[in-house]
Amino acid sequence: MSLHIQTHGSGPIPLVMIHGWAMHGGIFAPLVQALAEHCTLYLVDLPGHGYSRDSELPLDPAICAHAIADATPPAAWLGWSMGGLVALRAALDLPQQVRGLAMLCATPRFVSAPDWPQGREQALVQQLATDLETDYHATVDRFLTLEVMGSRDPRGELRKLREQVFSRGEPNLRVLQEGIRLLDQTDLRAALQRLKPGNSWWAAGRLDRLVHPQAMEWSAAASAGPFHVIAHAGHAPFLSHADAVAQTLLPWLEAHR
């Protein structure tokens, strides 16, 4: 039932890092390198992903948050993409454990709604769910392609994502389906006001076409947290602009040691 969590770095700032759908903690390698001197990093493999592939925990944000909190010291938590939903749930439920919330290309709601035009169309998410049943590998690859849309170097980023996605084994089909439902059904917008002002950090890739920067800007304002835009970056700025992410993240982390 336990999760695989790797520790890197020896800096004084503890930081938990949570990956997105179909990925694993190893995807953060460029950002880990940029932060390791300043931080002690706890890289999580979510249930069914990476070295946690055989974990029987459901991909439920609250359950994952408690499992991660049980295995890590009090720290700031960073969530990328779908991992942001886990980090946000932890910040809401476990404020003594989560000293600060860093949301990287992540929002409290993924799909669009009449009052949330910044989200992605629900038909896209539903099609991904259907395609998973018939062509697992092609569906994962399609999602990777969506992640690099808008990037200044989409081929380079797609190559890196493809190299990483199965490098720790193939994600469990069950949790990939749970992840799609999570993206489809989760809406934590109303809970953002419960976050302490200044206790969250939000960063978007200006060219991100999967999680729109406007959605992140709205979320930052709703939670009274700083908002940053990484110029020329897409949905995975830690791959293409790790130093830029670190430069905006570190001052905020220092304030939440």
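Predicted model: local features only at pLDDT ≥ 70, side-chain atom pairs only at ≥ 80, totals over all residues.
How do the residues of the lining of the largest pocket divide into nonpolar, polar and charged? Six are nonpolar, four are polar and three are charged.

The largest pocket holds about 200 Å³ of space. Its lining is made of 13 residues. Those closest to the centre of the pocket are A91, P95, V98, K196 and N199. Two elements, α3 (83-93) and β5, each give two or more residues to this lining. Strand β5 provides the largest share, with four residues.

Strand β5 leads on to the sheet. Seven strands form this open sheet, and their pairing is mixed. The order across the sheet is β1-β3-β2-β4-β5-β6-β7. Which strands lie at the edges? They are β1 (4-8) and β7 (227-230), each of which pairs on one side only. On average, neighbouring strands are turned by 20° against each other, with direction ignored.

Side chains of opposite charge can pair when their charged atoms come close. The model has nine salt bridges. One of them joins the side chains of R168 and D45, at 3.1 Å from N to O. What does this pair tie together? R168 lies in the loop between α6 (154-165) and α7 (173-185), while D45 sits in strand β3, so the pair links parts that are 123 residues apart in sequence.

How many cavities of 30 Å³ or more does the model contain? The count is two. The largest cavity has about 80 Å³ of space. Its lining consists of S81, M82, L85, C105, A106, T107, F110, F143, L183 and V211. By class, eight of these residues are nonpolar, two are polar and none is charged.

The second largest cavity has a volume of about 40 Å³. T107, R109, F110, W116, Q118, G119, L210, V211, H212 and A215 line this space. Here the lining has five nonpolar, four polar and one charged residues.

Methods
Residues numbered from 1 in each chain as written. Heavy atoms only, no water. 1 Å grid on protein atoms, 1.4 Å probe; cavity = no way out; pocket = protein on both sides within 12 Å on 5 of 7 lines; lining within 4 Å. Points joined across faces, edges and corners; volume = space filled by probe spheres on them. Nonpolar A, V, L, I, M, F, W, Y, C, P; charged D, E, K, R; others polar. Pairing = 2+ DSSP bridges. Axes fitted to C-alpha atoms, helices over the stretch in contact; angles between N-to-C directions. Salt bridge = Lys/Arg side-chain N within 4 Å of Asp/Glu carboxyl O.
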